[in-house]
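Subject: Structure handover

Hello,

Here is the structure for your files. Please load it before you read on; my notes follow below.

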Amino acid sequence: MLGTNKLLLWVMTVLFAVSTVFFNAYIFLMSLLKYRQKKQWSPSETIILALSVANVVHQLVCYYWMTMDEIDSKCRIAEMPYTVLLFIILSLKFTIMWDTSFLTFYYSSKLVNTPNLCYTHIKTAILKHVTVAVFLIPLCGLGTSMPMLVLFHADNYTMTNKDCGVLVPNTRSGLIYEVISLFLADVLPGVLMAKCCISISLHLAIHLRNMKASTNGAHRPKLGSQMRVIQMALSLVAVFTLFLVVDLYVNYQITVNHENAIVLTFFFTSIYTTVTAMVLIYGKNTLWKTLIHDINVCLDEFPCLSCLKVPEQRAKPSTPAKAQK
């Protein structure tokens with residue numbers, strides 16, 4: 001069933017591919033502009049920049065693979081290009097999952113103070129070497145994906161239709177590797193993000209309770225920019241959880257039922273990278289306001305599209321304090 005809709009998924013993926021490249025390229029360019037102004041990056045900006053690059057490259061390689069697979073209906077292209085592309089895709093997917101998890105871990109460590117000294121020392125050591133960690137994650141992705149080159153084999157005749165680009169684990173060792181790979185690339189970062197989500201949620205509940213108690217319930221508690229970061233972190237966890245469920249199901253269909261569903265994985269990954277980029281932009285207040293302003297400026301050039309303009313929040317003018325008599 002899934003295999004017969006490859007053409008439809010290929011067409012639909014174009015929309016999310018363009019969105020992914022646009023939003024992540026916007027983050028990348030704005031980060032470079034900010035670096036030129038301040039001559040430094042914060043640890044969170046370093047992680048977000050690495051995540052944006054991985055999202056764009058992953059999307060481009062995925063769509064190139066889908067295009068090859070759609071055009072090569074008679075399997076005239078050798079297996080090696082498909083194998084290399086899938087190897088790169090799996091490595092980049094590992095990078096995206098762990099970059100997202102690492103970013104959530106970073107925000108959790110900044111928002112929540114834990115009484116466990118051992119855990120605190122580990123967090124401090126990791127956060128002191130954010131740049132090194134950002135470079136190690138892709139290398140780990142390459143390392144965990146290398147066994148695929150040996151254990152996965154071409155499966156040109158799936159249950160639904162002929163597919164030249166699919167590589168499946170059709171041996172016992174291949175199935176074991178598939179389970180370990182999914183655990184390392186999907187489940188383990190998901191567990192870390194769930195832990196961070198619980199910590200942030202408890203911190204938010206305690207913080208709101210303390211603020212409400214300090215004001216005796218007379219005013220609605222406000223967190224300002226911190227609340228925006230909390231919303232971004234929790235949204236990343238929610239999006240990741242939905243993607244994890246879908247990804248595990250699709251991989252089950254590929255491995256156990258030999259369903260031609262790998263293009264479905266690429267499609268949902270495109271949705272995930274698009275939504276993740278939008279959440280990251282929203283989490284950065286200045287970036288969000290700049291994007292809305294730029295979109296409105298572009299729409300000003302086309303009066304017929306003025307109805308699509310997004311209202312901008314402008315800072316209220318500060319009134320000068322009256323001189324005391």
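Which side chain does Glu45 meet in a salt bridge? The partner is Lys34, at 2.6 Å from N to O. (A salt bridge here is a side-chain nitrogen of Lys or Arg within 4 Å of a carboxyl oxygen of Asp or Glu.)

First, the ground rules. This is a predicted model, where local features need pLDDT of at least 70, side-chain atom pairs count only at pLDDT 80 or more, and totals for chains, interfaces and linings use all residues. Residues are numbered from 1 along each chain as its sequence is written, and side-chain values use heavy atoms, with hydrogens and water left out.

Salt bridges

The structure holds three of them. Take Glu45 and Lys34 again. Glu45 sits in helix α2 (residues 43-71) and Lys34 in helix α1 (residues 6-38), so the pair ties together parts 11 residues apart in sequence. (Helices are DSSP runs of H or I, at least four residues, numbered from the N terminus.) Glu45 counts as buried at 10% relative accessibility. Lys34 is partly exposed, at 30%. (Buried means under 20% relative accessible area, exposed over 50%, partly exposed in between, with a 1.4 Å probe and protein chains only.)

Next, Lys93. Its side chain meets that of Asp186 in a salt bridge, 3.5 Å from N to O. This pair links distant parts of the chain: Lys93 is in helix α3 (residues 79-111), Asp186 in helix α7 (residues 172-214), and they are 93 residues apart. Both Lys93 and Asp186 are buried.

Lys93 also forms a salt bridge with Asp247, with the closest N and O atoms 2.4 Å apart. Asp247 lies in helix α8 (residues 225-255), 154 residues from Lys93 in helix α3. The relative accessible area is 2% for Asp247, which is buried. For Lys93 the value is 10%. Shared partners join Lys93, Asp186 and Asp247 into one network.

Helix packing

Helix α9 (residues 262-283) and helix α10 (residues 285-300) pack at about 110 degrees, their axes 5 Å apart. (Axes are lines fitted to C-alpha atoms, for helices over the stretch in contact; angles run from 0 to 180 degrees between N-to-C directions.) That makes α9 roughly perpendicular to α10, a label for angles of 65 to 115 degrees.

Which residues meet there? Ile281, Tyr282 and Gly283 in α9 meet Asn285, Leu287, Trp288 and Leu291 in α10. (Contact means heavy atoms within 4.5 Å.) The contact residues divide into five nonpolar, two polar and no charged. (Ala, Val, Leu, Ile, Met, Phe, Trp, Tyr, Cys and Pro count as nonpolar; Asp, Glu, Lys and Arg as charged; the others, Gly among them, as polar.)

Best regards

Terms used:
Helices (H or I, at least four residues) and strands (E, at least two) are DSSP runs, numbered from the N terminus. Angles under 35 degrees count as roughly parallel, over 145 as roughly antiparallel, 65 to 115 as roughly perpendicular and the rest as oblique.
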